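Student: I would like to learn how to read the features of a protein model, going slowly from one to the next. Could we look at the model together and begin with its strands?

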Amino acid sequence: MNRPARPRIRFDDQLWIVTTDDGSETLFDEQVGDTFHSESGAAAESRSVFLINSGVASRLQSGRATRVLEIGFGTGLNFLLTADLAFQHHASLEYWGCDTRIISPELLRRLDYERWIAHPELKDWLVHWLQSFAMMKTGETRGCDFGSVQFHVHRGDVRDWSPPYGFDAIYFDAFSPRACPELWTTEVFQMLFGTVLPGGTLVTYCCRRAVQDALRAVGFELNKIPGPVGGKREVLVARKPMLLDV
Ligand SMILES: C[S@@+](CC[C@H](N)C(=O)[O-])C[C@H]1O[C@@H](n2cnc3c(N)ncnc32)[C@H](O)[C@@H]1O
């Protein structure tokens with residue numbers, strides 16, 4: 001049986017704001033033909049697939065300093081939920097996001113993300129910084145901080161970037177392999193493998209065989225685990241081994 005269409009409002013000539021099944025909002029990009037999160041629940045997907053599966057939630061809940069890299073920064077929802085948890089547990093967080101386009105402050109203001117975080121001032125702070133990030137050129141990286149949260153954003157194609165070394169977790173949140181096949185490659189995964197600490201994770205919502213093969217080929221160990229309720233049946237956790245055979 002087909003689900004009824006989710007409520008959506010046009011934002012501009014490319015983007016729609018869509019209300020997902022858990023009540024949280026995401027975007028649909030008409031040119032790409034893909035949504036920014038699962039329509040079964042944007043906030044639920046973000047918490048389950050990225051924060052929890054990566055081990056970032058448990059690190060922050062126990063007050064451990066944590067470094068996260070996100071490929072496909074998009075709306076900033078994954079960042080806001082992660083920063084909110086860091087705030088709640090007084091943990092230090094260093095977060096790096098990469099995207100070819102930086103969301104405008106007007107669009108982030110329209111999204112209802114303050115409803116999903118305990119510290120809504122984080123959204124106001126991000127909206128404030130996005131006003132200057134709008135001037136960023138392709139290839140530029142900028143940073144700012146808010147209490148224990150340090151945030152850096154790189155504007156550009158991840159294939160042309162060398163992020164710093166030393167992440168505890170990578171949120172790999174590109175558009176689907178159908179919409180964006182150029183990012184789900186051994187070349188991109190090899191570069192990301194080099195940036196994650198031994199024992200660190202790369203998490204993603206896509207469980208396709210070709211994606212699993214590419215992640216394994218560069219050295220990750222894989223676990224398929226159940227996806228969020230109503231969403232994907234299985235999602236991926238890729239871990240960099242603690243000790244590499246030499
Ligand atoms: C699924 S959305 C990300 C959703 C995001 N994590 C969030 O919480 O809203 C995919 C993002 O990848 C970005 N993207 C597309 N091609 C890219 C590339 N070559 N390098 C970096 N980012 C890219 C898109 O602009 C889009 O914002």
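Tutor: Two strands pair if DSSP finds at least two bridges between them. In this predicted model, strand 3 (residues 25–29) and strand 4 pair in the antiparallel sense over two bridges, and F28 has T35 in strand 4 as its bridge partner.

Student: Which order do the strands of the open sheet have?

Tutor: Strands of a sheet pair through backbone hydrogen bonds, either parallel or antiparallel. Here the open sheet has four strands in the order 1-2-3-4, with antiparallel pairing. Strand 1 (8–10) and strand 4 (34–35) stand at the edges with a single partner strand each, so one side of each has no neighbour in the sheet.

Student: At what angle do the axes of helix 3 and helix 5 cross?

Tutor: Two packed helices are described by the angle between their axes and the distance between the axes. The axes of helix 3 and helix 5 (residues 121–133) come within 10 Å and cross at roughly 130 degrees, and the two helices are therefore oblique to each other. Their crossing is right-handed. At the contact, L80, A83, D84 and F87 of helix 3 meet L122, K123 and L126 of helix 5, and by class these are five nonpolar, no polar and two charged residues.

Student: How many residues surround the ligand?

Tutor: There are 18 residues around the ligand, and the closest are G72, G74, T75, L77 and D173. Helix 3 (77–88) and strand 6 (93–99) each supply at least two residues of this shell, whose residues divide into nine nonpolar, five polar and four charged.

Methods. Residues are numbered from 1 along each chain as its sequence is written. This is a predicted model: local features need pLDDT of at least 70, side-chain atom pairs count only at pLDDT 80 or more; totals for chains, interfaces and linings use all residues. A residue is near a molecule or strand if its C-beta atom, placed from the backbone, lies within 6 Å of it. Ala, Val, Leu, Ile, Met, Phe, Trp, Tyr, Cys and Pro count as nonpolar, Asp, Glu, Lys and Arg as charged, and the others, Gly among them, as polar. Axes are lines fitted to C-alpha atoms, for helices over the stretch in contact, and angles run from 0 to 180 degrees between N-to-C directions. Angles under 35 degrees count as roughly parallel, over 145 as roughly antiparallel, 65 to 115 as roughly perpendicular and the rest as oblique. A crossing is left-handed if the near helix is turned anticlockwise from the far one by less than a right angle, and right-handed if clockwise. Two residues are in contact if their C-beta atoms, placed from the backbone, lie within 7 Å.
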